[in-house]
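Dear colleague,

I am handing over the structure we spoke about, and I would be glad if you could look through it alongside the notes in this message.

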Amino acid sequence: GLGIFIGAGAYFEDPVEVDTRAGDDRVEVELRFKEKKVDDAVADVTAIRLGPSDLATLTTGGGDDIVVGKAGGKLGDGATADARGISVDLAVSTGAGSDEITGEASVDLGSNAKATVFGIDGGGSIDTGGKGDTIAGTANVTAGDIDNNPESELVVGGIANVTIVTAAGNDKVTGSASVKVGENGTATVYGIDGGSAGSIDTGGGADKVIGTAELKAGDVNGDSESSFFAGGIANRTIATGAGDDEITVLSVAEVGDVSEDATVVLPNTGIGYSQIDGGTGETIVESIVESSVGDISVGSVAVQAFGVYDTVITTGNDQDEVAAEVFAQVGNVESGNAEVYASGIGFWTPTDRLVAGGGKDQANVSATAVIGDADADSLARAWAFGLAMDIDLGSGDNQIIADAVAEGGTAVHTIATGMHSSVTAGSDDDEVEIVGIATSGGSAIATGAGGVLDLEINLGSG
């Protein structure tokens, strides 16, 4: 049968302003579908919604405040689900105190389902004021097989389209999302996404911004086309201000075997389409990306794994560190095509740039691309690049370490380049260490290994 569920647990709309004033306050709403599977159901639930008018606000004032919104549930085959823990169209302002804002959305679906699920989203802003604050958005989706239904797409994000300002204090912003889908699925999953204009400003203090994305998909077969995207942090401007700050990303994507002339496209980006300003203090930016697709009996696969992509990173004036570890793999290729790209930082986009500023800075990058054995009539290529961006190390004793490894079995082309960049080393004692290693089976048509490619270095003084 057809079921329709529409609801908002706490819905603040024009001209409502909710103010809990001083004291330790707690606002918690949980709204779920009935735990009964209904075929072809349509569900739209939001636990806490501010808007859509431009006068709806939630203000908790002073004290240690907690705002929690939870949404989700179970639906059957052919369902369409829209679930949000907290939707912020205008503003949440928690004032002074150690505050917590948590949005959780979790949906369990049958086959041929479609879902849009966010922990925290909206076009508004969250301002937590002073002291140590925590903002966490979590979204999880489990779905069954997709039977050649092009409309069955899953879009899942921890935090999306929200401006976040935490001011002074040791603050933590976490966006986490996961998708598990059966055969022939299509999914987009990201930890933190800014949309068209999202930003995070953590102000003073030792702050942490964490983006986590996890995608696990079944086999792809039957002349299907499955497109996936995984990303830890995307489309964000992040300013960490004063203090020792950390930006940490983990993005993992796994797809099963490919057969029957199916096609798989799997881009996976740790930090992408963003701008990061580390401010003063010691800043650490770390991105870990892992992508894998199983064996290909008949089909075409493109895997692209980037630690940092289309992004400008400015680390400021202290001892800063930027690290990326990328691994991308495809199994054996019996018949078809396999392209695997792994890049630690950058991929020759116009905006890829690392500006280290003053202080003793370090960039430590590794990228590995792997393909198993391939049939002689197949096209299988593994490309690995450590650094592929412009680098300005500024002043201070700086160090760059870039490793690239490409591995392939029989009849696999492999290319590994440690650095394909331009480097401006500045006015102090700098060190650059580059490694490129490529290995392949005996019948590979072309294997190339190089430490550097089209490299331009301006060492400056020192």
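Below I go through the sheet and then the aromatic rings.

Please keep in mind throughout that this is a predicted model. The sheet is open and is formed by 12 strands, which pair in the parallel sense and follow the order 3-6-9-12-15-18-21-24-27-30-33-36. At its edges lie strand 3 (26–32) and strand 36 (431–439), each of which pairs on one side only, and from one strand to the next the twist averages 0°.

Turning to the side chains, the structure holds four aromatic pairs. One of them is stacked, because the ring centres of Phe306 and Tyr309 lie 4.7 Å apart with their planes at 20°, and planes under 30 degrees apart count as stacked. Phe306 is buried, with a relative accessible area of 5%, and Tyr309 also counts as buried, at 16% relative accessibility. A stacked pair is likewise formed by Trp383 and Phe385, with 6.4 Å from centre to centre and 25° between the planes; Phe385 is buried as well, its relative accessible area being 4%. Finally, ring pairs link Phe306 and Tyr309 with Tyr273 into a cluster.

Note on methods. Residues numbered from 1 in each chain as written. Predicted model: local features only at pLDDT ≥ 70, side-chain atom pairs only at ≥ 80, totals over all residues. Heavy atoms only, no water. Pairing = 2+ DSSP bridges. Helix = DSSP H or I, 4+ residues; strand = E, 2+ residues; numbered from the N terminus. Axes fitted to C-alpha atoms, helices over the stretch in contact; angles between N-to-C directions. Phe/Tyr/Trp six-rings, centres within 6.5 Å; stacked < 30°, edge-to-face > 60°. Buried < 20%, exposed > 50% of the residue type's maximum accessible area, 1.4 Å probe, protein only.
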